[in-house]
Amino acid sequence: MKKLILSLCLCLSFCLVFTKTSNAEEYYCDETIEIISTTPVTRVTNSITGKKTASIKNSSGSILWSVTVTGSFTYTGLKATCTSSSVSAQSNDSRWKISSKSHSKSGNMAKATASAKYYLDGSVISTQTKTVTLTCSATGKLS
């Protein structure tokens, strides 16, 4: 009987050691698209401008920082072309600082990338980079 109790105690303590949870913060990303304007350019060519935002949130849903790409496109029904792109990034938490941002355009895509650093007591603890891409279809649908 003593061996059985001892075996159960050892097994239980072994299980407790390996089921300890981590205190690490979890992050996830949420993306939204907003159409800013649509304009007919000619009888067969239209233009559309929109923006796509990626928001980095903590496990409780608070936005820590975000990056937004704004893109302008022309489309004909057969083809879409990105005519311009821009980037904006902002931090909503004083511990996160935007460290870099860039943007580009290619074909029917506008792309923006931003990096943010997490500071604790003046030291960088973590760096995150997020790229967001806004694409226009030949019929003017943004995704």
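**Close-up views of a predicted model**

**View 1. The aromatic pair.** The structure holds one aromatic pair. Rings of Phe, Tyr and Trp (its six-membered ring) pair if their centres lie within 6.5 Å. Planes under 30 degrees apart count as stacked, over 60 as edge-to-face and the rest as tilted. Here the ring centres of tryptophan 96 and tyrosine 118 are 5.1 Å apart and the planes stand at 45 degrees, so the pair is tilted. Tryptophan 96 belongs to strand β5 (residues 96–106) and tyrosine 118 to strand β6 (residues 109–120), so the pair ties together parts 22 residues apart in sequence. Strands are DSSP runs (E, at least two residues), numbered from the N terminus. Both tryptophan 96 and tyrosine 118 are buried. Buried means under 20% relative accessible area, exposed over 50%, partly exposed in between (1.4 Å probe, protein chains only).

View 2. Strand β3 (residues 63–75) pairs with strand β4 (residues 80–91) in the antiparallel sense, over eleven bridges. Two strands pair if DSSP finds at least two bridges between them. Serine 72 has serine 84, in β4, as its bridge partner. Four residues lie between the strands of this hairpin, and glycine 77 takes a positive phi near 100 degrees.

**View 3. Leucine 120.** Leucine 120 sits in strand β6. Its relative accessibility is 42%, so leucine 120 counts as partly exposed. Its C-alpha atom is 6.8 Å from that of arginine 95, 25 residues apart along the chain.

**Notes.** This is a predicted model: local features need pLDDT of at least 70, side-chain atom pairs count only at pLDDT 80 or more, and totals for chains, interfaces and linings use all residues. Residues are numbered from 1 along each chain as its sequence is written, and side-chain values use heavy atoms, with hydrogens and water left out.
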